[in-house]
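This briefing covers domains, their interface, nonpolar cores and backbone geometry. The sequence and structure come first.

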Amino acid sequence: MNDYTKPPTNLDLDALRAFVKGIELGSYQLAAQHLCRSPAAISAQLKKLEQQTGCQLLRKQGRLLELTPSGELLLSHAKNMLALNDTVLLKLHQTQASGVIRFGLQEDFAEGTLQQLIAQFMLQHPNVQFQIRVDRNLNLIDKVQKQELDLALIWQQKPVIENFHELKSVETKWLFCPHPHILQIIENRASIPLVVLQQPCILRQMAIEVLEQKGIAWHIAYECNSVQGLWPAIRAGIGISLRSCFQIPLDIQTIETDVLPELETLNFGLYFNSTTQSVHIIQQFQQYIEQHLR
């Protein structure tokens, strides 16, 4: 007589998901709503799970259900099993995803970490084509509104515009290179020489507004049309600049003084085109950026 080994039991992932969701929400009635199933279907899945495991997983405690020791053990492993299942499916779907993403970048974000994130997304989605535009805030907003871009990473405008999803706040700083004549100008409360971008520029406007609110004289000493053009002027000692804390060169310093006004934080986020936001690959990219920049 042949001695066949009994095949292993395979746990039902749908039943596991119902089991875990009920514990997370504290109610299997809510779990049924969340998973778009009837309470009877959820109950049947839980019974099936107990049959598969051969263990009682839940017990009544008054009107509530609580985990048994076997249920606690299963819960810890079930979360990992579901996460692995979801990760595998996501990666399989990613390799098949295709389409075009038209993405705008405010120039403060146009170098460093964000480029690495975009490159990583491109590696994960080899069939997706990117069209990236680096520009000023208002120009990017205009491009999104004209449906020439699908979404853009921008500074928050005032008043807040629709379809803007805030991600994070960053500090703004007065920046300079410590040339003696610049330090003397600040200490003597002389007219502050500003190194700024050409209009329109949120940080330029912020600098002017806070200086005027404190009654400090100022003048535009140097203006250019790109962030990269600011740094040589600051290094040369032409003036000081107000910038965010993104990608400040190592040789550029922040000014620590009570003479200059304190500065507010600045919010940035994604501004999206509502007509293309529902496209699956654009949704994936939006979620990817949000996950890594929060």
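Which side chain does a polar contact of 2.6 Å join to that of Asp108? The side chain is that of Arg243; a polar contact is a pair of N or O atoms within 3.5 Å, where within protein one must be able to donate a hydrogen and the other to accept it, and residues adjacent in sequence count only if both atoms are side-chain atoms. This is a predicted model, in which local features need pLDDT of at least 70 and side-chain atom pairs count only at pLDDT 80 or more, while totals for chains, interfaces and linings use all residues. Residues are numbered from 1 along each chain as its sequence is written, and side-chain values use heavy atoms, with hydrogens and water left out.

**Domains and their interface**

- The protein is divided into domain 1 (13–93), domain 2 (99–168 + 268–293) and domain 3 (170–266), with bounds taken from an automatic or database domain assignment.
- The C-alpha centres of domain 2 and domain 3 are 28 Å apart.
- In domain 2, 15 residues are in contact (heavy atoms within 4.5 Å) with 18 residues of domain 3.
- About 1300 Å² is buried between domain 2 and domain 3, and carbon and sulfur atoms give 54% of that area; buried area is the accessible area (1.4 Å probe) that two parts lose on being put together, summed over both.
- Asp108, Arg136 and Trp155 supply 47% of the area that domain 2 buries against domain 3, more than any other three residues.
- Between domain 2 and domain 3 there are 4 residue pairs in polar contact, both residues at pLDDT 80 or more.
- The rule finds 1 salt bridge across this interface; a salt bridge is a side-chain nitrogen of Lys or Arg within 4 Å of a carboxyl oxygen of Asp or Glu.

- Arg243 forms a salt bridge with Asp108, with 2.6 Å between the closest N and O atoms.
- Arg243 lies in strand S10 (residues 241–244); strands (E, at least two residues) and helices (H or I, at least four) are DSSP runs, numbered from the N terminus.
- Arg243 has a relative accessible area of 3% and is therefore buried; buried means under 20%, exposed over 50%, and partly exposed in between (1.4 Å probe, protein chains only).
- Beyond its neighbours within four places in sequence, Arg243 is in contact with residues including Glu171, Leu197, Cys201 and Trp231.
- Gln106, in strand S3 (residues 98–106), counts as buried because its relative accessibility is 5%.

**Nonpolar cores**

- The largest nonpolar core has 56 residues, of which Ile101, Phe103, Leu114, Leu153, Trp174, Ile240 and Phe285 touch the most other members; such a core is a set of buried Ala, Val, Leu, Ile, Met, Phe, Trp, Tyr and Cys residues joined through side-chain atoms within 4.5 Å.
- Domain 2 and domain 3 both give residues to this core, so the core lies between them.
- A second, separate core of 19 residues includes Ala32, Leu35, Leu58 and Leu67.

**Backbone geometry**

- The peptide bond from Gln199 to Pro200 is cis, with omega near -5°, and Pro200 sits in the loop between strand S8 (192–197) and helix H8 (202–213).
- Asn163, in the loop between strand S5 (151–155) and strand S6 (164–170), is not a glycine but has a positive phi near 65°.
- Arg189, in the loop between helix H7 (180–187) and S8, also is not a glycine and has a positive phi of about 55°.
- Asn163 is partly exposed at 31% relative accessible area, and Arg189 is exposed at 60%.
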